[in-house]
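The following exercises ask the reader to work from a coordinate model to a structural description. Each task is followed by a solution in steps.

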Amino acid sequence: MQLLKTIRGVEVPALGFGTWPLKGPDCREAVTDALRIGYRHVDTARMYVNEVAVGQGIRDSQVPREEIFLTTKLWNTELAGGKVTEALHDSLRSLHTDYVDLLLIHWPDKKVPLAETLNAMQKHQQEGKVRQIGVSNFPPGLLREALRHAPVFCNQVEYHPYLSQEGLLEICRESDVLLTAYSPIAHGAVMEEESLRQIGEKYGKSPVQITLRWLISQEQVAAIPKASGTERRRQNFDIFDFELTREEMDQIHGLARGKRLINPAWSPVW
Ligand SMILES: NC(=O)c1ccc[n+]([C@@H]2O[C@H](COP(=O)([O-])OP(=O)(O)OC[C@H]3O[C@@H](n4cnc5c(N)ncnc54)[C@H](OP(=O)(O)O)[C@@H]3O)[C@@H](O)[C@H]2O)c1
């Protein structure tokens with residue numbers, strides 16, 4: 001059975017489905033299939049240019065909208081107050097929904113004061129078009145700053161066994177913020193990790209499944225792996241029938257070596 005995380009009194013399915021870089025009919029079918037498998041948390045973004053397909057996938061699945069935790073993200077050019085409103089309305093139209101469960105700032109951007117963006121997002125939260133607001137790719141200092149301005153629900157960041165997020169997790173636990181792990185299986189690289197293979201042998205699970213279980217077993221952590229085919233989507237969801245020991249959790253934490261996969265030119269100082 002899916003594990004739920006409770007953040008600020010709101011339940012979020014710990015395992016979500018990532019949709020980047022799926023597009024068009026592939027994305028539509030992938031979302032429908034993921035929902036049929038049992039995923040109830042879907043991640044998209046304005047920048048992925050797949051919100052229409054995600055919305056169609058949700059409708060095709062016939063899963064009631066209120067059962068799905070749906071996230072989208074504002075792109076860097078949409079952070080000024082008026083642009084937030086325009087972008088959100090476009091997302092709602094594209095996704096064919098009255099609200100998103102979570103609206104994130106995709107990347108921090110110094111060109112617009114953080115308070116201006118967060119205030120605009122909060123206005124839409126009060127209207128009910130956005131249930132929760134949050135950030136993505138915010139390092140510790142910026143997350144603290146965002147928390148001074150608004151009730152940040154989530155920080156979505158790269159997190160997998162090769163990249164520790166200890167500092168951010170401490171703040172997330174202090175301030176009841178969800179840390180959503182993107183690139184959670186390091187783009188599949190964990191498949192080659194011998195220690196994960198050995199742990200997996202004990203449970204009859206693959207290194208990917210061990211990694212996803214490790215992530216969602218941590219306090220405040222959710223994960224959003226992406227897979228193009230149904231078989232992998234099923235495998236990635238098949239992680240709720242076993243638990244790792246404290247020693248195994250620590251052993252996986254020990255694999256961290258500062259390996260960052262997503263680091264575009266506009267990244268903040270991590
Ligand atoms: N906020 C941000 O800035 C940000 C940045 C990056 C990503 N994201 C979000 O996070 C989601 C996931 O991140 P990601 O796509 O970068 O990385 P990921 O989920 O770590 O890795 C996806 C890759 O792993 C492969 N894979 C999936 N399941 C597998 C399995 N069971 N065995 C072996 N290989 C497997 C996939 O291949 P196939 O597809 O061929 O199956 C794909 O190449 C994205 O889709 C997006 O929604 C957010």
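The exercises below concern a predicted model and proceed from the whole chain to single residues.

**Exercise 1. Overall dimensions**

Determine whether the radius of gyration of the chain agrees with that of a compact globule or departs from it.

Solution. The chain has 270 residues, for which a compact globule would have a radius of gyration near 18 Å. The chain has 18 Å, and therefore the value agrees with the expectation. Along the principal axes, the C-alpha atoms fill a box of roughly 55 × 40 × 35 Å. Of the 270 residues, 46% count as buried. Finally, consider contacts between residues at least 6 apart in sequence: 73% of them join residues at least 24 apart.

**Exercise 2. Strands and their pairing**

State how many helices and strands the chain has, and describe how the strands pair.

Solution. The chain has 10 helices and 10 strands. Begin with E1 (residues 4-7) and E2 (residues 10-13), which pair in the antiparallel sense over four bridges. In this pair, Thr-6 stands opposite Glu-11 of E2. Two residues lie between the strands of this hairpin, and Arg-8 takes a positive phi near 50° there.

Next, take the open sheet of eight strands, whose order is E3-E4-E5-E6-E7-E8-E9-E10 with parallel pairing. Strands E3 (17-18) and E10 (221-223) stand at its edges; each has a single partner strand, so one side of each is left without a neighbour in the sheet. Within the sheet, E4 (residues 41-43) and E5 (residues 69-74) pair in the parallel sense over three bridges, and Asp-43 stands opposite Thr-71 in E5.

**Exercise 3. Helix packing**

Identify the elements against which the buried residues of helix H2 pack.

Solution. First list the buried residues of H2 (residues 51-61): Glu-51, Ala-53, Val-54, Gly-55, Gln-56, Gly-57 and Ile-58. These residues pack against helix H1 (24-37), strands E4 and E5, and helix H3 (81-95).

**Exercise 4. Backbone geometry in loops**

Is Gln-62 buried or exposed, and where is the residue found?

Solution. Gln-62 follows H2 and is found in the loop between H2 and E5. Its phi is near 60°, a positive value in a residue other than glycine. Gln-62 has 9 other C-beta atoms within 10 Å and is therefore exposed. His-96, in the loop between H3 and E6, also has a positive phi near 60°. With 14 other C-beta atoms within 10 Å, His-96 is partly exposed. A further feature is the cis peptide bond from Trp-20 to Pro-21, with omega near 5°; Pro-21 is found in the loop between E3 and H1.

**Exercise 5. The surroundings of Phe-138**

Explain why Phe-138 counts as buried.

Solution. Phe-138 lies in the loop between E7 and helix H5 (140-149). Phe-138 has 26 C-beta neighbours inside 10 Å, and the cut-off is 20 or more, so the residue counts as buried. Leaving aside neighbours within four places in sequence, its contacts are Pro-108, Leu-143, Ala-146 and Asn-155. Pro-268 is 130 residues from Phe-138 in sequence, yet the C-alpha atoms are 7.6 Å apart.

**Exercise 6. The ligand shell**

How many residues surround the ligand, and which are the closest?

Solution. The shell contains 27 residues, and the closest are Gly-18, Tyr-182, Gly-188, Lys-226 and Ser-228. By class, 11 are nonpolar, 13 polar and three charged. Helix H9 (residues 230-237) contributes the largest share, three residues.

Key
Residues are numbered from 1 along each chain as its sequence is written. This is a predicted model: local features need pLDDT of at least 70, side-chain atom pairs count only at pLDDT 80 or more; totals for chains, interfaces and linings use all residues. A residue is near a molecule or strand if its C-beta atom, placed from the backbone, lies within 6 Å of it. Ala, Val, Leu, Ile, Met, Phe, Trp, Tyr, Cys and Pro count as nonpolar, Asp, Glu, Lys and Arg as charged, and the others, Gly among them, as polar. The radius of gyration is taken over C-alpha atoms; the globule rule is 2.2 Å times the number of residues to the power 0.38. A residue is buried if 20 or more other C-beta atoms lie within 10 Å of its own, exposed if 12 or fewer, and partly exposed in between; C-beta atoms are placed from the backbone. Two residues are in contact if their C-beta atoms, placed from the backbone, lie within 7 Å. Two strands pair if DSSP finds at least two bridges between them.
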